[in-house]
Amino acid sequence: MARATAGWWSGLSGVIIFSGSLPATRVAIGGFSPLFLTSARAVIAALLAGGLLLLLRQKRPARSDALSLLIVATGVVVGFPLLTALALREMTAAHSLVFIGLLPLSTAIFGVLRGGERPRPAFWLFSLLGAGIVAGFAIASDQAGSLTGDLLMVAAILLCGLGYAEGAGLSRRLGGWQVISWALLLALPVMVVTGLINLPHSWHGISVPAWFSLGYVSLFSMLIGFIFWYRGLALGGIAGVGQLQLLQPFFGLLLSALFLHEPVALGMVACAGAIILCVAGAKRFA
C-alpha cells in the first residue's frame, strides 16, 4: 500500500511538471522550427543525462533492453515532442491540452499490451468516463483548432502512451531516471544531425521567452519530469497511475491562462472536479 501511494505522489509530481510542456512548446515555436526544437531539447537533455549516468557510474542496459529503449526514444524523445510542436502551429496551447486527457487511456491500453497489466472492469469504466469528459470539453471548447492539428495530437498521444508503458516496464529493472537517460543517449546521434540540419537561419530576434521555454522543455519536460513519472508508473502501476494524466490538461490550461493569457472557460472548473472523481475511482479499481 505504501509503495503504491508513493507511486501516485511521484506520478502526480511528474504530471505537474509535464503540464507546462505544451504551453512552453507553444512559446518556443515562436522562435524555433519544430524540428530544431525537438532535436535541441533532446540533445540538451541527453548531455545532462549522460553526465548523470557517468557521474553515478550506472551500468549499461542489457542488449535485450535495446528494443524497449528504442520504443521509449521513438515515443517520448522524438514522436511526442515533434508531433505536438507541429500541431501547435495549427492550434492554441489550450486547445492542444485537452487531447492530453486521452493519454491515460492510451497508456493503459499499452500497459495491457506491453506491460501485462490486467485492471478490473470498473477501472476501464472510470478511464473511459474521464476520457469522455475531456473529449466533451474539447468539442464544447471555443478554442481554435484544425483537423490537421487534431490528427497530429492524436498520433502524438498514441506514441506517448506506448513510450510511457514501455518505459514503466523497464523502470522496474533499470530505474526511472536511468530509462529516460539511456533513451535520450540512444536518440542523441540522430538528434544532433537533425539539429544541425535545421539550425535557425539567424539567432537574432529570438525572444527571451522562446529561449526560456526551450530550457524548460529540455530540462523539465525531457528529463526531470520523467524521473518522477517513470518511478510513479513502476511503483503504482501503469494503468492506475496513468490516470493522473487526466489532470494534466487542467493544470496546463491554468498555466496557459497565467503565462500565455489564453482564455479559460468556467466549465473547466466543473470538468476538473469530475476528472478528479474519475481519477479517484480509477485508482481504487486499478
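This is a predicted model: local features need pLDDT of at least 70, side-chain atom pairs count only at pLDDT 80 or more; totals for chains, interfaces and linings use all residues.
Is tryptophan 203 buried, partly exposed or exposed?

I will go through two of them.

Take phenylalanine 18 and tryptophan 229. Their ring centres are 6.4 Å apart and the planes meet at 75 degrees, so we call this pair edge-to-face; the cut-off for that class is over 60 degrees. As for accessibility, phenylalanine 18 has a relative value of 5%, so it counts as buried. Tryptophan 229 is at 0%, and that also counts as buried.

Now the second pair, phenylalanine 36 with tryptophan 203. Here the centres are 5.9 Å apart and the planes are at 70 degrees, so this pair is edge-to-face. Phenylalanine 36 belongs to helix 3, residues 34-55, and tryptophan 203 to the loop between helix 9, residues 176-197, and helix 10, so the contact ties together parts 167 residues apart in sequence. Phenylalanine 36 counts as buried, because its relative accessibility is 8% and the limit is under 20%.

That brings me back to the opening question. Tryptophan 203 has 41% relative accessibility, so it counts as partly exposed; that class lies between 20% and 50%.

Last, a group of rings. Phe18 and Trp229 belong to one aromatic cluster, together with Tyr164, Phe226 and Tyr230.

Note on methods:
Residues are numbered from 1 along each chain as its sequence is written. Side-chain values use heavy atoms; hydrogens and water are left out. Rings of Phe, Tyr and Trp (its six-membered ring) pair if their centres lie within 6.5 Å; planes under 30 degrees apart count as stacked, over 60 as edge-to-face and the rest as tilted. Buried means under 20% relative accessible area, exposed over 50%, partly exposed in between (1.4 Å probe, protein chains only). Helices (H or I, at least four residues) and strands (E, at least two) are DSSP runs, numbered from the N terminus.
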